[in-house]
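Thanks for making time this morning. I would like to walk you through one model, a few contacts at a time, so please have the sequence and the picture in view.

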Amino acid sequence: MRIVGKMIVLALVVAVLAIAGHLTTMPASARGASPTPPQTAAPAGSADAAMKTYTTSAEVQALLAKAKGERKEGQVAVPEHILSLAPYNVNLEYRPVDGAVAVHEKEAELVYVIDGGGTLTTGGKVVGEKRTNAANLSGTAIDGGTTQPLNKGDFAIIPEGTPHQFKPANGLLVLMTMHVPRPESEMQ
């Protein structure tokens, strides 16, 4: 029953993100809303510093431009913070080159393709496995697994403990990612 509940929650998150993405492509007047000014960052150290619950499409495009500008030669991904509401963080990931294999042992990962495309390989066995921290593993490749295309507008959910690897096509893969931790009551 817990798995069904998780799947329902994740499906709802995906639906909300899809609707939000659709609404941001419509003019505010067409959806009966007045334009909202961009949200300003809270002062460092304040209780609101870790909470950002609204971002415009213009702000996301500015984050993408910033990520492209800050990328160093050979850097696999440049993350930029989009939204947060503890314990959830939503990031933009600019990925112009093939990434390492990752395994998040205690979190699922929700992915939305903002721009570009490529492939996502999931499952299989991690080659060259190394522990990166207490809850994550990395590797150089996946032996086996399932590869599927990723295109602008696509969604994916990667279950916790699942090896996965992103490979951009033509040097452009821009993702929105959100790691979804398990409730502490289920982490035993």
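Predicted model: local features only at pLDDT ≥ 70, side-chain atom pairs only at ≥ 80, totals over all residues.

Let me begin with Glu 70, which is partly exposed, because its relative accessible area is 39%, where buried means under 20% relative accessible area, exposed means over 50% and partly exposed lies in between, with a 1.4 Å probe and protein chains only. Residues are numbered from 1 along each chain as its sequence is written, and side-chain values use heavy atoms, with hydrogens and water left out.

Which residue forms a salt bridge with Glu 70? The partner is Lys 66, with the closest N and O atoms 4.0 Å apart, a salt bridge being a side-chain nitrogen of Lys or Arg within 4 Å of a carboxyl oxygen of Asp or Glu. Both residues lie in helix α2 (residues 57-70), 4 residues apart, which is about one turn of the helix; helices (H or I, at least four residues) and strands (E, at least two) are DSSP runs, numbered from the N terminus. Lys 66 is itself partly exposed, at 39% relative accessibility.

Lys 66 also meets the side chain of Glu 80 in a salt bridge, at 3.4 Å from N to O. That pair links distant parts of the chain, since Glu 80 sits in strand β1 (residues 78-85) and Lys 66 in helix α2, 14 residues apart. Glu 80 is buried, with a relative accessible area of 6%, and Lys 66, Glu 70 and Glu 80 are linked in a network of salt bridges.

The count of salt bridges comes to 5, and another one of them joins the side chains of Arg 95 and Glu 93, at 2.8 Å from N to O. Here Arg 95 counts as buried at 14% relative accessibility, and Glu 93 is buried too, with a relative accessible area of 11%.

Turning to the aromatic rings, the count comes to 1 aromatic pair, where rings of Phe, Tyr and Trp (its six-membered ring) pair if their centres lie within 6.5 Å, and planes under 30 degrees apart count as stacked, over 60 as edge-to-face and the rest as tilted. Tyr 112 and Phe 155 have ring centres 4.8 Å apart and planes at 45 degrees, so the pair is tilted. Because Tyr 112 lies in strand β4 (residues 107-122) and Phe 155 in strand β10 (residues 155-158), the pair ties together parts that are 43 residues apart in sequence.

Finally, the strands. Strand β6 (residues 130-133) and strand β7 (residues 136-139) pair in the antiparallel sense over 3 bridges, two strands being paired if DSSP finds at least two bridges between them. They form a hairpin with 2 residues between them, and Arg 131 has Leu 137 in β7 as its bridge partner.

β7 also runs antiparallel to β3, joined by 4 bridges, with Asn 136 in β7 the bridge partner of His 104. In strand β3 (residues 101-104), Val 101 and Val 103 point one way, Ala 102 and His 104 point the other way, and all are buried.
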